[in-house]
Amino acid sequence: PPSVMHVNVLGHFVSFGLRRAANQNAQEEIYMNDQPNKYFLFETEEPSVGDHSPKHDEEIFISGRTVTWSSGECVKKSFTLNEPVTKTMWASFGPEFQKNYLCVLHRESLKVYSPDGRVFSVMLPCRMSQIWPLPHGILLERALFKANQSLDDSFFERGCTEEEDSLPTLFSLLDPLEEVKPFSFEYRLDPELDPFRLENFYVCDPLSKIVWSSYTLPFIVTYNSQTRRHHIFLLRKAEDERE
């Protein structure tokens with residue numbers, strides 16, 4: 001007889017941050033925020049030899065201006081900021097900054113919180129919509145203008161102006177004490193006549209979006225919605241400061 005597999009329906013997933021707020025009778029505050037609640041799950045590192053403590057995913061829960069960091073349904077830290085939060089992410093900066101830092105993206109700035117309590121405020125050249133991890137540092141994607149949206153709309157509905165379409169769309173931050181710099185790539189203009197000549201260009205294509213990056217591997221993957229092609233970039237630090 002054919003084998004029978006039993007399937008248990010666990011139900012709709014509800015983040016720990018939302019359940020915690022509900023238990024504190026804060027449902028009204030949560031559901032009436034201008035921006036929807038967001039949560040991000042991060043896998044913790046493998047336990048060291050001799051460490052028999054259970055491994056838990058770490059969760060960052062965002063409700064308006066409040067960020068809650070939890071692990072194994074235990075709150076590690078919760079704080080309320082002065083600005084609405086767009087996205088949060090863990091990052092490592094090296095070689096001086098090896099530990100994990102909490103990056104919080106706002107409308108006009110980026111805040112980096114160190115494990116020892118220091119806070120770095122990074123000014124952005126324009127509004128950003130996404131941040132992505134790198135082995136040492138982060139990548140930021142510029143928010144783009146949409147023609148059917150007004151200047152009074154929220155941040156997610158407007159980035160830079162139409163005249164700024166030629167500006168770079170990708171930026172990098174390798175050190176919280178430095179400025180955000182444009183991301184560039186090398187390209188062979190004429191592989192047949194001069195196969196060894198490489199030219200550097202800024203990434204200025206508004207149709208290309210990052211779809212994957214890694215904390216450990218020096219690669220990023222982008223997707224172009226017009227050509228329907230993926231591109232894989234090998235990352236390295238530019239030798240020239242202008243790059």
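**Figure 1. Thr 222 in strand β16 of a predicted model.** Thr 222 is placed in strand β16, which covers residues 219-224; strands (E, at least two residues) and helices (H or I, at least four) are DSSP runs, numbered from the N terminus. The model is a predicted one, in which local features need pLDDT of at least 70 and side-chain atom pairs count only at pLDDT 80 or more, whereas totals for chains, interfaces and linings use all residues. Residues are numbered from 1 along each chain as its sequence is written, and side-chain values use heavy atoms, with hydrogens and water left out. With a relative accessible area of 6%, Thr 222 is buried, a class that means under 20% relative accessible area, while exposed means over 50% and partly exposed lies in between (1.4 Å probe, protein chains only). Not counting residues up to four places away in sequence, Thr 222 touches Lys 209, Ile 210, Val 211, Arg 229, His 230, His 231 and Phe 233, where contact means heavy atoms within 4.5 Å.

Figure 2. Ser 109 belongs to strand β7, residues 109-113, and is buried at a relative accessible area of 6%. Once neighbours within four places in sequence are left aside, Ser 109 is in contact with Glu 83, Val 104, Val 122 and Leu 124.

**Figure 3. Aromatic pairs.** The count comes to five aromatic pairs, under a rule by which rings of Phe, Tyr and Trp (its six-membered ring) pair if their centres lie within 6.5 Å, with planes under 30 degrees apart counted as stacked, over 60 as edge-to-face and the rest as tilted. The rings of Phe 79 and Tyr 113 have centres 5.4 Å apart and planes at 45 degrees, so this pair is tilted. The pair links distant parts of the chain, with Phe 79 in strand β4 (residues 74-80) and Tyr 113 in strand β7, 34 residues apart, and both Phe 79 and Tyr 113 are buried. For Phe 183 and Phe 233 the ring centres are 6.2 Å apart and the planes stand at 85 degrees, so the pair is edge-to-face. This pair also links distant parts of the chain, since Phe 183 lies in the loop between β12 (181-182) and β13 (184-187) and Phe 233 in strand β17, 50 residues apart; Phe 183 is buried, with a relative accessible area of 11%. Phe 93, Tyr 101 and Phe 120 form one aromatic cluster.

**Figure 4. A nonpolar patch on the surface.** Val 211, Trp 212, Leu 217, Phe 219, Ile 232 and Leu 234 form a nonpolar patch with about 600 Å² of accessible area together. Patches are made of residues with over 30% relative accessible area and no salt bridge, like charges being joined within 9 Å and nonpolar side chains (Val, Leu, Ile, Met, Phe, Trp, Tyr) within 5 Å; a salt bridge is a side-chain nitrogen of Lys or Arg within 4 Å of a carboxyl oxygen of Asp or Glu. Accessible areas come from the Shrake-Rupley method with a 1.4 Å probe, and for residues only the protein chains shown count as cover. Strands β15 (208-213) and β17 (229-234) each supply at least two residues of the patch. Trp 212 lies in strand β15 and is partly exposed, with a relative accessible area of 38%.

**Figure 5. Cys 74 and Cys 126.** Cys 74 is partly exposed at a relative accessible area of 47%, whereas Cys 126 counts as buried at 12% relative accessibility. The count comes to zero disulfides, a disulfide being a pair of cysteine sulfur atoms within 2.5 Å.
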